[in-house]
Amino acid sequence: MKIHKIKQLLLSMVIIVGFSAKAQQPDPPGQVKGNEKPKNEAYLFAHMTHNDYGRLYYSVSLDGLHWENLNNGKRVFEDYKGHPDICKGPDGKYYIAGNTGDDAKSINIWVSDDLITWKKHSDYTPDLKSTPDYSNALQRIGAPKLYYDAPSEKFIMTWHTPHLEGTKEDGERYWASQRTLYVLSKDLKTFEGTPKRLFDWDMGTIDVFIRKVGDSYYAVIKDETYPTLYWTTGKTIRIAKSKSLLGPYSLPQQSISPNFREAPMLIPSPDDKIWYMYYEQYPGVSYGLSIADNLNGPWFQASGYTFFSDWDKYSLPEKVRHGCMITISKKEYDSLVKKFGKKN
């Protein structure tokens with residue numbers, strides 16, 4: 001009797017192991033099927049690399065999940081420096097913001113008709129000391145980002161600036177003191193007034209960008225407070241919401257990512273029904289992907305960046321660092337591939 005039970009148990013274990021070995025996550029939602037034409041035809045990922053931080057590289061994708069290097073993994077524009085962020089303006093042109101370093105006094109803006117040839121558009125030097133309720137701001141400008149708001153017919157440019165130096169005892173003080181500032185512009189040549197704080201709540205935020213979906217504005221942020229038992233959302237990607245471009249924004253929702261993630265990027269799926277949120281596990285360790293059917297969540301994490309083809313549901317080139325992802329047309333995709341070529 002005991003031998004029979006042992007045989008049954010062993011057989012059950014073999015069946016379970018067999019099924020587990022073949023188990024697969026379902027493919028991420030949002031992809032088109034059959035001959036269906038995608039609403040979002042292609043994507044560009046403008047980014048830096050682990051070995052060449054702050055310089056401009058391109059990767060492309062047709063499904064928003066699988067990305068390939070262009071230009072044999074080399075720079076695509078030598079003059080650009082910064083954390084690349086690209087925005088399409090009402091004139092159909094593309095604008096990219098950057099700066100030569102966080103301690104640079106100016107934000108540099110370039111313009112392009114085709115994402116291939118970039119020309120200098122303007123430089124903006126914010127008077128950080130003039131920001132209301134932020135007179136102790138340090139002369140630091142982190143990761144400027146652009147968004148064109150069609151209702152107001154204005155660009156908003158955001159970046160983060162600290163107001164406290166770090167110390168040997170508390171290096172984290174510097175990061176916790178980061179606040180998101182913004183300025184408005186009709187043409188990214190002349191700018192309205194002095195920089196202002198975007199959020200009226202008091203917590204460290206970096207890498208903030210804005211998107212309008214439906215009647216709401218969403219500010220995607222990195223919570224820059226250090227994670228503890230009493231601040232579990234620290235160093236994660238979160239979203240705040242408002243009915244107005246300039247707020248007031250709600251307190252951020254719960255974390256979309258695990259801790260120690262930054263540089264979020266958001267794209268709609270090919271069928272335009274799903275959102276893909278990418279974020280970096282720093283320093284350049286890996287990329288994560290969370291998925292939702294609306295920006296209010298809930299979000300789940302897909303499996304990827306393991307470099308096991310039977311497990312990865314998304315893939316990016318190795319050693320890519322943060323930047324931005326945008327939708328592009330298939331024609332633009334073909335032009336970029338023709339110009340730069342994919343990495344062999």
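Modeller: Happy to. Keep in mind that this is a predicted model, and that the values are computed from it.

Biologist: Why is Ser286 called buried, then?

Modeller: Its relative accessibility is 16%. The limit is under 20%, so Ser286 counts as buried. You'll find Ser286 in strand E17, residues 286–292. Leaving aside neighbours within four places in sequence, Ser286 is in contact with Tyr279, Glu280, Gln281 and Tyr305.

Biologist: What about Pro84: where does it lie, and what makes it buried?

Modeller: Pro84 is in the loop between strands E3 and E4. With a relative accessible area of 1%, Pro84 falls under the cut-off and so is buried. Skipping neighbours within four places in sequence, its contacts include Ala46, His47, Met48, His322, Gly323 and Cys324. Another proline to look for is Pro144: its C-alpha atom is 8.4 Å from that of Pro84, though they are 60 residues apart along the chain.

Biologist: Now strand E1, residues 42–49. What makes you say that E1 is largely enclosed?

Modeller: Count its residues: 8 of the 8 are buried, so E1 is largely enclosed by the rest of the structure. In a regular strand the side chains alternate between the two faces of the sheet. Here Ala42, Leu44, Ala46 and Met48 point one way, while Tyr43, Phe45, His47 and Thr49 point the other way, and all are buried.

Biologist: How do you know that E1 pairs with E19 and E2?

Modeller: Two strands pair if there are at least two bridges between them. E1 and E19 have 7 bridges, in the antiparallel sense, and E1 and E2 have 6, also antiparallel. By the bridge count, then, both pairs qualify. For examples, Ala42 has Ile328 in E19 as its bridge partner, and Thr49 has Asp52 in E2. E1 and E2 form a hairpin, with 2 residues between them.

Biologist: There's a sheet with the order E15-E16-E17-E18. Why are E15 and E18 called edge strands?

Modeller: Each of those two has a single partner strand, so one side of each is left without a neighbour in the sheet. This open sheet has 4 strands with antiparallel pairing. Inside the order, E15 and E16 are joined by 6 bridges, and E16 and E17 by 7. Glu262 stands opposite Glu280 in E16, and Tyr278 stands opposite Leu289 in E17. E15 and E16 also make a hairpin with 6 residues between them, and Asp272 in the turn has a positive phi of about 65°.

Biologist: Last one. What makes a hole a cavity?

Modeller: A 1.4 Å probe fits inside but cannot get out. E19 gives the most to its lining, with 4 residues.

Biologist: How do you sort that lining by class?

Modeller: The lining of the largest cavity has 8 nonpolar, 1 polar and 3 charged residues. Phe209 and Leu266 are among the lining residues. The second largest cavity has a volume of about 50 Å³, and its lining divides into 3 nonpolar, 3 polar and 2 charged residues.

Terms used:
Residues are numbered from 1 along each chain as its sequence is written. This is a predicted model: local features need pLDDT of at least 70, side-chain atom pairs count only at pLDDT 80 or more; totals for chains, interfaces and linings use all residues. Side-chain values use heavy atoms; hydrogens and water are left out. On a 1 Å grid over the protein atoms alone, a cavity is a set of points where a 1.4 Å probe fits but cannot get out, and a pocket is an open set with protein on both sides within 12 Å along at least five of seven lines; lining residues have an atom within 4 Å of a point. Ala, Val, Leu, Ile, Met, Phe, Trp, Tyr, Cys and Pro count as nonpolar, Asp, Glu, Lys and Arg as charged, and the others, Gly among them, as polar. Grid points are joined across faces, edges and corners, and a volume is the space filled by probe spheres set on the points. Buried means under 20% relative accessible area, exposed over 50%, partly exposed in between (1.4 Å probe, protein chains only). Contact means heavy atoms within 4.5 Å.
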